[in-house]
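Q: Please take a close look at one part of this protein and describe how it is built into the rest of the chain.

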Amino acid sequence: MQNLMEQIVGAISRSGLVEVEVSARHVHLTERDVQILFGEGATLTPKRDLSQPGQYLSEERVNLIGAKGRKERVAVLGPTRPSTQVELSKSDCIELGVTAPLRESGDVKGSGTMTLEGPCGTVTLTEGVIVAQSHVHVPPETAQMLELKDKQRVCVEMMTERPVIFKNVVIRVNGNFNFRMHIDFDEANAAAVSGFTLGKIIK
Ligand SMILES: [Zn+2]
């Protein structure tokens, strides 16, 4: 027997509506960079689970240093990854004096440079700074139901009082995903997203 909440969530998904989550600036680190920034033998300490299974906000924080400014105590997300990646909004880039391309997460080749500072050391990245392409995490069952394919591009209309339609939103299908759209703070502010918000997928 499904409970009421599951039925409601199911009905929302079937109609092509997806919950929108706003990603603040954050960092993913390699194991090696964790050791440099936080000391030999250091590991990330999970503080709070994120909506995607296995992903968490860690207790650790880093400072970001660009040509024009700094951002203190920026969130580090775990677990560690094969390459260190900094995800900024365009506004962050302007304030920091950093140039970063619009990219999908994990696609860091030839992306922006900057310095990370931890309590035990600093890491200067030769690449890894990106502005994240807005995307929708889709579990396979939902993808099948909505006839969505991995890497497909769609439009998504924000169900807000400023109903901006985002184009070129990447669909990512994976058995380990929960159904969520991710946008950054610039996109959220442009569309007056605050609190619980749904997006309507338009193909
Ligand atoms: Zn995401």
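Predicted model: local features only at pLDDT ≥ 70, side-chain atom pairs only at ≥ 80, totals over all residues.

Which residues does Leu64 touch, not counting residues up to four places away in sequence?

A: Leu64 touches Val27, Gly69, Arg70, Lys71, Val74, Val86, Leu88, Leu96, Met114, Thr115 and Leu116, with residues up to four places away in sequence left out of the list. Two of these names, Val86 and Leu116, return together with Leu64 as the residues with the most contacts inside the largest nonpolar core, which has 24 residues. The elements that give two or more residues to this core are α2 (31–38), β4 (56–65), β5 (70–78), α3 (90–96), β8 (112–117) and β9 (122–132). Of these, β9 gives the most, with 4 residues. As a general background, nonpolar side chains in soluble globular proteins tend to be buried together.

The strand β9 also pairs with several other strands. With β8 the pairing is antiparallel, over 5 bridges, and the two form a hairpin with 4 residues between them. Met114, one of the residues that Leu64 touches, stands opposite Leu125 in β9. Strand β6 (residues 85–87) pairs with β9 in the parallel sense over 2 bridges. Here the bridge partner of Val86 in β9 is Val129, and Val86 is also among the contacts of Leu64. Strand β7 (residues 102–103) likewise runs parallel to β9, joined to it by 2 bridges, and the bridge partner of Arg103 in β9 is Ala132.

The domain assignment places residues 26–132 in domain 2, while domain 1 consists of 15–22 + 134–202. The centres of domain 1 and domain 2, taken over C-alpha atoms, are separated by 24 Å. The contact between them takes 13 residues from domain 1 and 11 residues from domain 2.

Turning to the other strands, a closed barrel of 6 strands runs in the order β1-β13-β10-β12-β11-β14, with mixed pairing. Neighbouring strands of this sheet are turned by 40 degrees against each other on average, direction ignored. His135 stands opposite His182 in β13.

The zinc ion is coordinated by His135 through NE2, His137 through NE2 and His182 through ND1, at 2.0 to 2.1 Å. Along the chain, the donors follow the spacing H-x1-H-x44-H. His135 and His137 are both buried.

Strand β14, at the end of the barrel order as written, covers residues 197–202 and contains Thr197. Thr197 counts as buried because its relative accessible area is 4%, and buried means under 20%. Leaving aside neighbours within four places in sequence, Thr197 is in contact with Val18, Glu19, Val20 and Thr160.

A second, separate core has 20 residues, including Val136, Leu146, Val156 and Ile183.

Definitions and conventions. Residues numbered from 1 in each chain as written. Heavy atoms only, no water. Donors = N, O, S within 2.8 Å, 3.2 Å for Na, K, Ca; no water. Buried < 20%, exposed > 50% of the residue type's maximum accessible area, 1.4 Å probe, protein only. Core = buried A, V, L, I, M, F, W, Y, C linked by side-chain atoms within 4.5 Å. Contact = heavy atoms within 4.5 Å. Pairing = 2+ DSSP bridges. Axes fitted to C-alpha atoms, helices over the stretch in contact; angles between N-to-C directions. Domains from an automatic or database assignment.
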